[in-house]
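Try each task before you read its solution.

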Amino acid sequence: MIGVTRYCVGCSFCRLVCPTGAIEVMGKAEINHELCIECKKCVSYCPLEALRVIE
Ligand code: SF4
Ligand code: SF4
């Protein structure tokens, strides 16, 4: 599962790269886990490393 940490500044890069539209940004990124396919693209694109893989 992908989690958003407190380092998120809401820049929306992750939302733009997500292939399934699983990310909404309202001040901070929010992951819709029903749409997320765990491709981890958002994790690698976040400039602040604010997204983490949570086991
Ligand atoms: S790319 Fe990173 S900092 Fe930007 S909205 Fe997504 S999680 Fe937040
Ligand atoms: S892991 Fe992939 S599908 Fe899931 S939120 Fe990130 S970019 Fe979207």
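**Exercise 1: a residue in a loop**

Glutamate 49 sits in the loop between α2 (41–45) and β4 (51–53), where helices (H or I, at least four residues) and strands (E, at least two) are DSSP runs numbered from the N terminus. The model is a predicted one, in which local features need pLDDT of at least 70, side-chain atom pairs count only at pLDDT 80 or more, and totals for chains, interfaces and linings use all residues. Residues are numbered from 1 along each chain as its sequence is written, chains are lettered from A and ligands numbered from 1 in the order in which they are written, and side-chain values use heavy atoms, with hydrogens and water left out.

Task: work out whether glutamate 49 is buried or exposed, and what its phi is.

Solution. Step one is the surface: buried means under 20% relative accessible area, exposed over 50%, and partly exposed in between (1.4 Å probe, protein chains only). Glutamate 49 has a relative accessible area of 55%, so the residue is exposed. Step two is the backbone: glutamate 49 has a positive phi of about 50°, although it is not a glycine. For background, most residues other than glycine have a negative phi.

Now compare serine 12, which lies in the loop between β1 and α1. Serine 12 is also not a glycine and has a positive phi of about 80°. With a relative accessible area of 14%, serine 12 is buried.

**Exercise 2: the overall fold**

Task: find how the elements run from the N terminus on, and how the radius of gyration of the protein fits a compact globule of 55 residues.

Solution. Start with the count: the protein has two helices and four strands. From the N terminus on, they run β-α-β-β-α-β. Next, take the radius of gyration over C-alpha atoms, with the globule rule of 2.2 Å times the number of residues to the power 0.38. A compact globule of 55 residues would come out near 10 Å, and the protein has 10 Å, so the two agree. The C-alpha trace spans about 25 × 20 × 15 Å along its principal axes. Finally, buried residues are 31% of the 55 in the protein.

**Exercise 3: the core**

Task: identify which residues have the most contacts inside the largest nonpolar core.

Solution. First the rule: a nonpolar core is a set of buried Ala, Val, Leu, Ile, Met, Phe, Trp, Tyr and Cys residues joined through side-chain atoms within 4.5 Å. The largest one has 13 residues, and those with the most contacts inside it are Ile2, Cys14, Ile23, Ala29, Ile31, Cys42 and Leu51. The elements giving two or more residues to this core are β2 (23–25) and β3 (29–31).

Contact means heavy atoms within 4.5 Å. Not counting residues up to four places away in sequence, isoleucine 2 touches residues including Ile31, Cys42, Val43, Leu51 and Val53. Valine 43, in helix α2, touches Ile2, Leu51 and Val53 under that exclusion of residues up to four places away. Its relative accessible area is 23%, so valine 43 is partly exposed.

**Exercise 4: two ligand shells**

Task: sort the residues around ligand 1 and ligand 2 by class.

Solution. A residue is near a molecule if one of its heavy atoms lies within 4 Å of it. Ala, Val, Leu, Ile, Met, Phe, Trp, Tyr, Cys and Pro count as nonpolar, Asp, Glu, Lys and Arg as charged, and the others, Gly among them, as polar.

Around ligand 1 you will find Cys8, Val9, Gly10, Cys11, Ser12, Phe13, Cys14, Ala29, Cys46, Pro47 and Leu51. That shell has nine nonpolar, two polar and no charged residues. Around ligand 2 are Ile2, Cys18, Pro19, Thr20, Ile23, Cys36, Ile37, Glu38, Cys39, Lys40, Lys41 and Cys42. Here the classes come to eight nonpolar, one polar and three charged.

To finish, look at Lys41 in helix α2. Leaving aside neighbours within four places in sequence, lysine 41 is in contact with Val17 and Pro19. Its relative accessible area of 37% makes lysine 41 partly exposed.
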